[in-house]
Amino acid sequence: MANPAEYRCQIIYTQINRDAQNQPRFTHYYFNYDPQLYFNPASMVKMPLAFLSLEKLNDLNIPGLSAQTHMRFDSSQPWQRPFYKDTTATDGWPSIAHFIKKVFLISDNDAYNRLYQWVGQQRIHQQLRAKGYPTAVISRQFLGLTQEQNRHTNPVSFFDAKGKRLYSQPAQYNPDTFDFSRKILIGKGHLNKYDSLVNEPFDFSWHNNISLKDFQQMLQSVMFPQSVPTSQRFRLKPADYTFLRTWLSAYPSETDNPKYDTATYYDNYVKFFFYDGSHRMPPGVRVFNKVGWAYGFLTDVSYVADFNNKVEYMLSATIYVNKDGVLNDDKYDIEDIGHPFLYQLGQTIYQYELKRPRKQRPNLDAFKLTYGTRNPNDSRPAIKIADN
């Protein structure tokens, strides 16, 4: 924090105070926040894609079509990958619900790509702009594609349990233009696609780009929809809110669909503000969040609820840790600077919140959710390696 320029550190801390009717009031505090100070959002973009995916299903309003409906992805371009079976699902079928679970539980990349292909590049930006996020850009899948290739998305079909086709979405193409005129150059060198060192900054100009405040507001709109204008909310049903909140806060150990190896994907694996060597979360604490990490950037946007101590707050932060200034070389200072910093920041705010006086203790019953357990009779091997 003493050198925010080097570490490109930005923090938003949100106090939540309740009135006698348990209505929340939000007070935001900012450290070095600057919407023009670029950070690579990495997997953070999976959060709005999950919200938009459910919203699109609701807008279609087709009988029998839901987040649990079986689906398949075909291809219309040489670089596209069909997807007919999902071996991580107990029923073997891809579905919107299963993709969302995977992006929140361990930040799965292929699940994000499929949500991107379902929503479509054009709709992503039309809907984000309509909700008050005019500068948000999600223009890239995590497939190493060109700008032009990312405009294309796969044909998608949905089927009921008997194999009857319920809905087909043809291949889509986004004709809209993006303004990539602002150059975003970071670092002193980078490795190119041939793993050769180029002694020039890495160009993020056409990468995904969303401000920390926008991410914070997106999460707030799902955790507290009444706290934002109607126009800024995602069009979700009550069951959608419950579903999203469940998987924003669930641990990989609390489901066997998908069945993750909990030694690799432990409880605080994607909870950076509580990420320490214990691999466990404090009793009574649930973190509803999304994290991202890539190119030396680490980001966490969280709502924290301590049910034992009746404490709640939001905390969002991003930091860049890359001492040698070379990008795309997978040599970053994540373990010795990034994770320890975010953990210490998280603990500082958490300990402060435990002691902070409140006129009204919050009633957090709305966020007490039902989580799953592992089936002891499930003999399938656990997933130890995933692309995330």
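Mentor: Happy to! In this predicted model, the largest pocket holds about 970 Å³ of space. Its lining counts 29 residues, and those closest to the centre are Arg140, His207, Ala294, Tyr295 and Asn328. Two elements give two or more residues to that lining, namely strand S9 (189-191) and S12. Sorted by class, the lining of the largest pocket has 13 nonpolar, 12 polar and four charged residues.

The second largest pocket has a volume of about 430 Å³. Here 17 residues form the lining, with Thr135, Val137, Asp179, Arg182 and Asn209 closest to the centre. The classes in this second lining come to seven nonpolar, six polar and four charged.

Now back to S12, one of the elements that line the largest pocket. S12 belongs to an open sheet of five strands, ordered S2-S1-S14-S13-S12 and paired antiparallel. Strand S2 (24-31) and strand S12 (285-294) form the edges, and each has a single partner strand, so one side of each has no neighbour in the sheet. From one strand to the next, the twist averages 10°. Further into the sheet, strand S1 (residues 10-18) and strand S14 (residues 311-320) pair in the antiparallel sense over six bridges, and threonine 14 stands opposite methionine 314 of S14. Helix H9 (residues 334-355) packs on this sheet, where it touches S1, S12, strand S13 (297-306) and S14. The direction of H9 makes about 155° with that of S14.

Three cavities of 30 Å³ or more are counted, and the largest cavity contains about 70 Å³. Its lining includes Trp79, Arg81, Asp110, Arg114, Gln117 and His152. Helix H4 (residues 109-119) supplies the largest share of that lining, three residues. By class, the lining of the largest cavity divides into three nonpolar, six polar and three charged residues.

H3 passes H8 in a right-handed crossing. On the H3 side the contact is made by Ala97, Ile100, Lys101, Phe104 and Leu105, which meet Phe243, Leu244, Trp247 and Leu248 in H8. The residues of this contact divide into eight nonpolar, no polar and one charged.

Key
Residues are numbered from 1 along each chain as its sequence is written. This is a predicted model: local features need pLDDT of at least 70, side-chain atom pairs count only at pLDDT 80 or more; totals for chains, interfaces and linings use all residues. Side-chain values use heavy atoms; hydrogens and water are left out. A crossing is left-handed if the near helix is turned anticlockwise from the far one by less than a right angle, and right-handed if clockwise. Helices (H or I, at least four residues) and strands (E, at least two) are DSSP runs, numbered from the N terminus. Contact means heavy atoms within 4.5 Å. Ala, Val, Leu, Ile, Met, Phe, Trp, Tyr, Cys and Pro count as nonpolar, Asp, Glu, Lys and Arg as charged, and the others, Gly among them, as polar. On a 1 Å grid over the protein atoms alone, a cavity is a set of points where a 1.4 Å probe fits but cannot get out, and a pocket is an open set with protein on both sides within 12 Å along at least five of seven lines; lining residues have an atom within 4 Å of a point. Grid points are joined across faces, edges and corners, and a volume is the space filled by probe spheres set on the points. Two strands pair if DSSP finds at least two bridges between them. Axes are lines fitted to C-alpha atoms, for helices over the stretch in contact, and angles run from 0 to 180 degrees between N-to-C directions.
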